[in-house]
Amino acid sequence: MPLYALIDGNAFYASCQIAFQPELKHRPVVVLSNNDGCIVAANDLAKQLDRHYFKQRNLGAGGYHAAIPNSMMFQPYYKVAGLLKRHNTAVFSSNYELYEDMSQRMHRITAGFAERQAIYSIDESFLDFGNLTFAAADQHARRLKQTVQQSLGLPVAVGIGRSKTEAKLANRLAKKLQYNHGVFNLGSLSEQAHDALLKTLEVGEVWGVGKRLASSLYEQNIRSAYDLKHADGKLIRRQYSVHLERTVQELNGQACLPFYEAHPYKQQIISSRSFGRSVTQLQEMRQAVTHHVCKAAEKLRRQQCRCTSLSVHIRTADHTFKPTYRNQQTIVWIQPTDDSIQLSRYAHQALQAIWQTGFDYAKTGIVLNNIEPWGNEQFDLFAPPENPETERKSAVLMQLMDRINRQKGQNSLQLGSCGLQNSAWKMKRNLMSPRYTTQWDELLTVC
């Protein structure tokens with residue numbers, strides 16, 4: 001019988017910060033979203049603080065507790081800044097460069113513990129444990145957890161099951177049941193113990209059951225994971241979908257969902273961020289678009305690919321009394337390229353087609369599509385061939401740019417149309433920690 005494991009980083013963003021500042025282990029830690037807007041990650045101490053004040057918030061009308069929101073998570077930072085400060089909370093801006101690099105390191109380590117890996121998100125991946133026995137799988141998972149902790153300083157939870165859905169639920173239980181020390185094997189339980197645990201989980205906690213579907217199931221008296229496990233699969237298929245029927249089968253230990261391994265290259269590359277302040281001038285928007293093109297093009301070259309399609313989107317803020325506008329434009333060309341200069345020209349052409357004056361723009365981004373590996377591109381029979389010397393010079397220039405940016409730090413060498421480093425439109429990250437693993441001048445120093 002095959003066994004699957006789901007590895008998930010605990011409060012991943014916050015844990016990345018603590019890994020380089022161990023003294024924060026005994027303090028609440030939260031991480032903010034783009035432009036230091038909302039709380040998107042919190043360690044256990046911060047979550048305990050959250051739960052404590054949620055219970056106490058109705059103690060007095062109009063008093064201190066009445067001002068505390070139901071939960072700090074995804075609340076605007078300014079609403080809970082006072083509470084966090086009173087409890088000596090460490091607050092960080094999102095450090096995407098650090099999180100991405102730590103994610104890649106974690107996935108490389110965990111991949112060594114199985115023949116197949118399917119990366120699910122920045123801090124989650126499925127592993128195929130093959131035909132290991134339940135006891136051997138437990139020991140294997142604990143070695144994996146210890147290796148990640150020792151190598152990166154990141155705590156992870158490991159859930160093991162006979163299907164991916166079981167592994168996902170087991171991971172949730174690994175975090176919920178402290179006595180298991182972060183590893184839980186749902187597939188090894190007796191049927192009675194298995195059902196007893198599923199009764200403690202809301203149906204909305206099952207992987208693939210969203211809020212609207214959970215509400216509909218609740219009306220059908222399917223309120224827990226146990227209820228869904230013992231539901232009539234054929235009836236579920238008729239009333240809902242074949243996907244939910246497979247979920248029922250997976251809860252019964254039958255592996256139905258395919259184990260998708262990571263694609264050898266990304267088939268779509270996106271770069272997009274909100275602005276630090278509104279953009280009203282075309283020149284500033286061109287700088288922002290170029291900035292995103294260069295980031296996406298570097299990722300394109302890193303995976304040794306080229307593309308023949310690019311989309312640019314711009315939009316104003318959603319919640320505002322000012323006029324709103326959003327639009328996007330796609331450009332398709334014949335000769336595949338990974339050249340940042342050429343891609344920027346296409347992006348500027350797309351931007352010019354959708355730009356409208358008189359609006360306060362809040363966000364822009366670009367998407368690269370029609371991506372193929374080097375050497376696999378399909379050229380147009382009737383298109384004039386590219387000049388080999390021009391292609392060679394372009395490749396040399398892009399390699400030089402990437403090498404300098406890897407050695408000297410991101411954006412050390414960039415296109416002039418990106419504007420100055422201190423461009424006011426760039427995302428606010430006033431509380432950002434050093435990028436410990438990707439910038440030479442921000443490495444930790446030991447005295």
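Predicted model: local features only at pLDDT ≥ 70, side-chain atom pairs only at ≥ 80, totals over all residues.
User: How many residues of strand S1 are buried?

Analyst: Some terms come before the case. Helices (H or I, at least four residues) and strands (E, at least two) are DSSP runs, numbered from the N terminus. Buried means under 20% relative accessible area, exposed over 50%, and partly exposed in between, with a 1.4 Å probe and protein chains only. Strand S1 covers residues 3-9, and seven of its seven residues are buried.

User: Which way do the side chains of S1 point?

Analyst: In a regular strand the side chains alternate between the two faces of the sheet. In S1, Leu3, Ala5, Ile7 and Gly9 point one way, while Tyr4, Leu6 and Asp8 point the other way.

User: Which strands are joined to S1 by bridges?

Analyst: Two strands pair if DSSP finds at least two bridges between them. S1 is joined by six bridges to strand S6 (residues 124-130), and the two run antiparallel. Asp8 has Glu124 as its bridge partner in S6. Six bridges also join S1 to strand S7 (residues 156-161), again antiparallel. There, Ile7 has Val158 as its bridge partner.

User: What is the order of strands in the open sheet of four strands?

Analyst: The order is S9-S12-S10-S11, with antiparallel pairing. Strand S9 (269-279) and strand S11 (326-337) stand at the edges with a single partner strand each, so one side of each lacks a neighbour in the sheet. From one strand to the next, the twist averages 15°. Seven bridges join S9 to strand S12 (residues 361-373), and Ile269 stands opposite Leu368 in S12.

User: Which helix lies across S10 and S11?

Analyst: Angles run from 0 to 180 degrees between N-to-C directions, and axes are lines fitted to C-alpha atoms, for helices over the stretch in contact. Contact means heavy atoms within 4.5 Å. Helix H13 (residues 340-354) lies across strand S10 (305-316) and S11, running at about 150° to S11.

User: How many salt bridges does a search of the whole structure find?

Analyst: Side chains of opposite charge can pair when their charged atoms come close. The search finds 19 salt bridges. One of them is between Glu100 and Arg302 (3.9 Å, N to O). This pair links distant parts of the chain, with Glu100 in helix H4 (residues 96-111) and Arg302 in helix H12 (residues 282-302), 202 residues apart. Another joins Asp195 to Lys229, with the closest N and O atoms 2.8 Å apart. Asp195 is in helix H7 (residues 191-198) and Lys229 in helix H9, 34 residues apart. Both Asp195 and Lys229 are buried.

User: Are Asn35 and Asn221 buried or exposed?

Analyst: Asn35 counts as buried because its relative accessibility is 18%, and Asn221 counts as exposed because its relative accessibility is 54%. Asn35 has a positive phi of about 60° although it is not a glycine, and it lies in the loop between strand S2 (29-32) and strand S3 (39-42). Asn221, also not a glycine, has a positive phi of about 70°. The place of Asn221 is the loop between helix H8 (211-219) and helix H9 (225-229).

How values were computed. Residues numbered from 1 in each chain as written. Heavy atoms only, no water. Salt bridge = Lys/Arg side-chain N within 4 Å of Asp/Glu carboxyl O.
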